Amino acid sequence: MEFPKSFSLEGKVALITGASYGIGFAIATAFYRAGATIVFNDINQELVDKGLASYKEEGIPARGYVCDVTNEAAVQELVKKINEEVGTIDILVNNAGIIRRIPMTEMSADEFRKVIDVDLNAPFIVSKAVIPGMIAKGHGKIINICSMMSELGRETVSAYAAAKGGLKMLTRNIASEYGEYNIQCNGIGPGYIATPQTAPLRERQPDGSRHPFDSFIVAKTPAARWGTTEDLQGPAVFLASDASDFVNGHILYVDGGILAYIGKQPQ
Ligand code: NAP
Ligand code: GCO
């Protein structure tokens, strides 16, 4: 039996934000292998150039643009440029994100606002910019990169959890408001993934032992390991493809089972 064409991204233009490396880069790579044309942005030319070199190494003719996703005018200009130079965006992945791990009572309002700006306001800004083109084309896919913190809290990540919880509801609202235009908006909730963003949580201790948080996450994960960016590729292709045309407003947790598990009893 031929592999279902509905998983193909042939002929689609995909914008993945903040995709010079990490999760965004892995998702973009998978999209290319599924047939999509890849466009990405990052916050400065150095990162875009780093990304272009990485994509070239993978044989991927990606197009990279410098754009701060929190700047609405810059995002509107980015989408206009992509429409002119590449084509109307069929698939958007709101991946760009930051985290600041600070105890809430020690966090300034500006630091809190900055996390909300990148992790919640920016997905609103970029989605708002691409939806008109999707409506005109008669289809579209928006994938918001949520988090375990869309469901759970923990010490020091108040701003991040507030943003990712809000992003879960923004996902559901875009699904509700634009589903009638054949636009599906879903989220991916990665578990704990080994990327630069979580590197501080996995650093070896001075005595060479594992970081306590590293051991904690492994004990909380039925898969008994950190996720890799490759673990997210299949779920992302599914949500970007026609195979998920009747999936809307759903947060697909790719977490090795963390959310289902009370955690291994300490030995
Ligand atoms: P990452 O390694 O920190 O990469 C995030 C990317 O977004 C970086 O290239 C970053 O550039 C870029 N970015 C930040 N602010 C931006 C802005 N204003 N405009 C444009 N680009 C911007 O993160 P990651 O681990 O790959 O995570 C990607 C997404 O997955 C994030 O939304 C994160 O919250 C989410 N996530 C990660 C995990 C995990 O365990 N790693 C789990 C769940 C969810 P800079 O290098 O300049 O910051
Ligand atoms: C943290 C981590 C997490 C992960 C991810 C989990 O400090 O707890 O950075 O927030 O990045 O979001 O899904």
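Predicted model: local features only at pLDDT ≥ 70, side-chain atom pairs only at ≥ 80, totals over all residues.
Residues are numbered from 1 along each chain as its sequence is written, chains are lettered from A and ligands numbered from 1 in the order in which they are written, and side-chain values use heavy atoms, with hydrogens and water left out.

**First stop: the cores**

Select Ile16, Phe31, Ile38, Tyr55, Val93, Ile143 and Ile188, which have the most contacts inside the largest nonpolar core, a group of 30 residues. A nonpolar core is a set of buried Ala, Val, Leu, Ile, Met, Phe, Trp, Tyr and Cys residues joined through side-chain atoms within 4.5 Å; buried means under 20% relative accessible area, exposed means over 50%, and partly exposed lies in between, with a 1.4 Å probe and protein chains only. In soluble globular proteins, nonpolar side chains tend to be buried together.

Now colour the elements that give two or more residues to this core: strand 1 (13-17), helix 1 (22-33), strand 2 (37-42), helix 2 (45-57), strand 4 (91-94), strand 5 (140-145) and helix 7 (233-240). Helices (H or I, at least four residues) and strands (E, at least two) are DSSP runs, numbered from the N terminus. The largest share of the core, six residues, is given by helix 1.

Which residues is Ile143 in contact with, leaving aside its neighbours within four places in sequence? They are Phe31, Leu92, Val93, Asn94, Asn186, Ile188, Ala236, Leu239 and Ala240, where contact means heavy atoms within 4.5 Å.

**Second stop: the empty spaces**

Rolling a probe the size of a water molecule over the atoms shows where empty space is left. On a 1 Å grid over the protein atoms alone, a cavity is a set of points where a 1.4 Å probe fits but cannot get out, whereas a pocket is an open set with protein on both sides within 12 Å along at least five of seven lines, and lining residues have an atom within 4 Å of a point. Grid points are joined across faces, edges and corners, and a volume is the space filled by probe spheres set on the points.

The structure holds one cavity of 30 Å³ or more, and the volume of the largest cavity is about 30 Å³. To see its lining, select Thr17, Val69, Asn94, Asn95, Ala96, Val118, Ala122, Pro123 and Val126; helix 4 (residues 109-137) gives the most to this lining, with four residues. Six of the lining residues are nonpolar, three are polar and none is charged, where Ala, Val, Leu, Ile, Met, Phe, Trp, Tyr, Cys and Pro count as nonpolar, Asp, Glu, Lys and Arg as charged, and the others, Gly among them, as polar.

Is Tyr181 buried, partly exposed or exposed? Tyr181 counts as partly exposed because its relative accessibility is 34%.

Asn182 lies in the loop between helix 5 and strand 6 and has a positive phi of about 60 degrees although it is not a glycine. Most residues other than glycine have a negative phi. Ala224, in the loop between helix 6 (212-220) and helix 7, also has a positive phi, near 55 degrees.

Finish with Thr229, in the loop between helix 6 and helix 7, which counts as buried because its relative accessibility is 13%. Thr229 touches Gly22, Ile23, Ala26, Ile193, Ala194 and Thr195, not counting residues up to four places away in sequence.
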